[in-house]
Amino acid sequence: MHSGNPAYKGTIYGKAFHFLNSVERHQRTHTGEKPYKCKQCGKAFTVSGSCLIHGRTHTGEKPYECKECGKTLRFSCFKTHERTHTGERCTKCDKAFSCSTSLHDHGSIHTGERPYDCKQCGKAFSRLSSLCNHRSTHTGEKPYECKQCDQAFSRLSSLHFHERIHTGEKRYECKRCGKAYTRSSYLMRH
């Protein structure tokens, strides 16, 4: 490794690696092999670390803490969240967004534009995600199920709010009195 000369080569494209396990891991991208399975749901992964990170979706563990605001998150959400502090900002209200698409969608709040129409009832929405959430009102579908109590929800965000009942997480705290709430709207009402 210190010499800078990779000692191992992959058999498919001849790509070179310093470690044998790196070759094996890379080969799986070509073979499709996924030897690491989640014990809870059976989902398979090519890398053991990915399986470990996925496992946190079942345990609710959020080991990554944002240095800006102290919020704790899972790895999959962490980098996206960090960009809300460093990413693009709306020029009208200074709200930060992790990606330009979200900023663009947010802009319609200020313009009043509602380009996404429901084909069934004609109701219009400013965001595509809002239209997708709305569609479940017509189908009655509730694909997001709580693993703790089997209650089902039509929206993923509703499931996340519900899960806080089980975890006891109250991330929205009043700066004056210290009382905490599960939803930002409850804090605003307080």
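**Note on the predicted model**

1. Confidence. The mean pLDDT of the protein is 78, and 86% of its residues reach 70 or more. Where pLDDT is low, the predicted coordinates should not be read in detail.

2. Cysteines. How many disulfides does a search of the whole structure find? The search finds zero. Cys174 shows why: the cysteine sulfur closest to its own is that of Cys177, at 3.8 Å, which is too far for a bond, since a disulfide needs the two sulfur atoms within 2.5 Å. Cys177 likewise is in no disulfide, its nearest cysteine sulfur being that of Cys174. Cys174 is also buried, with a relative accessible area of 13%.

3. Helix H6. This helix covers residues 156-167, which makes 12 residues. Just after H6, Gly168 takes a positive phi of about 80°.

4. Buried residues of H6. Which residues of H6 are buried? They are Leu159, His162 and Arg164. The cover over the buried residues of H6 includes strand E11 (144-145), strand E12 (152-153) and strand E13 (172-173).

5. His54. This residue lies in helix H2 (residues 48-59). His54 has a relative accessible area of 13%, so it counts as buried, the cut-off being under 20%. Leaving aside residues up to four places away in sequence, His54 touches Cys38, Cys41, Lys43 and Phe45.

Technical notes. Residues are numbered from 1 along each chain as its sequence is written. This is a predicted model: local features need pLDDT of at least 70, side-chain atom pairs count only at pLDDT 80 or more; totals for chains, interfaces and linings use all residues. Side-chain values use heavy atoms; hydrogens and water are left out. Helices (H or I, at least four residues) and strands (E, at least two) are DSSP runs, numbered from the N terminus. Buried means under 20% relative accessible area, exposed over 50%, partly exposed in between (1.4 Å probe, protein chains only). Contact means heavy atoms within 4.5 Å. pLDDT is the predictor's confidence in each residue, from 0 to 100. The expected span of a helix is 1.5 Å times one less than its number of residues.
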